[in-house]
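This report concerns one protein model. Please examine the sequence and the structure shown here before reading on.

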Amino acid sequence: AGDVLSGSVDGGGEHAGVLQELFGPQWWTSREFVILATAVAVLLPLVLLRRVDSLRYTSALSILLAAVFMLITMGIAVYTVFTGTAKMPRMLPDFSTLASPFELFTAVPVIVVAFTFHFNVHPIRAELSKTSDMKSAVRISLVLCAAIYAAVGFFGFLLFGDATMPDVLANFDRSSGSGVPQALNDAARLSYALHLVLVFPLLHYSLRVNVDELLFPGRRPLAADTRRFVALTAVLMGLLYALAIAIPSIWTLFQYSGSTFAVCISLIFPGAIVLRDVHGIAKRKDKAMAAMMITLAVITSSIAIASNVMSSIKGEVKGVSAGAS
């Protein structure tokens, strides 16, 4: 929401948001105010819903908006192909821009984050009328995610090439150079930004439940205790708002979160459950795959964390040198 409406700065270039393009820099188009207004006006009413099935309509709308963003991106890319302004995407990494080959591992955590939604399996399954539908729900979700991510990634890179930003939404500003009406660029940005806003309550639902069980074990269900429910929601929203302001780069956030908790939730914990095998149902092949999955997860995440830290240190040193000059 901040990148789309207020703009972002990345790689030395400034990308204006939709509001700043229309009305110029104002106090009410600043990143802090826009994120706060979005949190209060849109997110708060949704996160105050006490059942996950209450979010089914906003969840369906979010999928529709993601598909709209994909189709708009695809349409713009096809248009640029026919007009000759498309950029031929590189099929292999450009190693000349890397300080170390290990920097390639920094992309792994971002991919892991994209497919990490395991923490909502239990609450969704508990509220399904037929629990057997959960397997179909997971399969459909993975297919949708893979199709939309692959299409947006390919056509976005076809549009912007090496200028593709960590948050591709920021590329759809007046400097995109795609040659299509700006209204279409704005529609692409706004559709996906709203998609992300509508996904947030699902993430927040599981966060709140798990934090409550960690801090208040043995208490009555959170949904039945209005005071605890509202207080915990307010505290979490305040902390998340502070993080959104303190960490303006979504790439940085995904790098560190993907190489820590997302790797644990997606790969390490499931593998550990298989190895523990409390019910004695895992076969030797299952345990071998689980051990391999844990090993690869630990190695890649360790390399990614080290690369992220080194890149951050180098960036700070360059910033200090530039300031001194």
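A pocket is an open set of grid points, where a 1.4 Å probe fits, with protein on both sides within 12 Å along at least five of seven lines. In this predicted model, the second largest pocket holds about 490 Å³ of space.

**The pocket and its lining**

Residues lining the second largest pocket include His118, Phe119, Val121 and His122, and also Ile265, Ser266, Phe269 and Met293. Two elements, α6 (121-127) and α10 (250-276), each give two or more residues to this lining. The largest share, six residues, belongs to α10. By residue class, the lining has eight nonpolar residues, three polar ones and no charged ones.

**A residue in a loop**

Asp277 is placed in the loop between α10 and α11 (284-324). The phi angle of Asp277 is near 50 degrees, which is a positive value in a residue other than glycine. Asp277 counts as buried because its relative accessibility is 15%, and the cut-off for buried is under 20%.

**Confidence in the model**

The mean pLDDT of the protein is 83, and 88% of the residues score at least 70.

| Element | Residues | Mean pLDDT |
|---|---|---|
| strand β2 (lowest) | residues 13-16 | 66 |
| helix α9 (highest) | residues 226-246 | 93 |

Over residues 316-325 the pLDDT is below 50, and this stretch has zero contacts in the model beyond near neighbours in sequence. Where pLDDT is low, predicted coordinates should not be read in detail.

Notes:
Residues numbered from 1 in each chain as written. Predicted model: local features only at pLDDT ≥ 70, side-chain atom pairs only at ≥ 80, totals over all residues. Heavy atoms only, no water. 1 Å grid on protein atoms, 1.4 Å probe; cavity = no way out; pocket = protein on both sides within 12 Å on 5 of 7 lines; lining within 4 Å. Points joined across faces, edges and corners; volume = space filled by probe spheres on them. Helix = DSSP H or I, 4+ residues; strand = E, 2+ residues; numbered from the N terminus. Nonpolar A, V, L, I, M, F, W, Y, C, P; charged D, E, K, R; others polar. pLDDT = per-residue confidence, 0-100. Contact = heavy atoms within 4.5 Å. Buried < 20%, exposed > 50% of the residue type's maximum accessible area, 1.4 Å probe, protein only.
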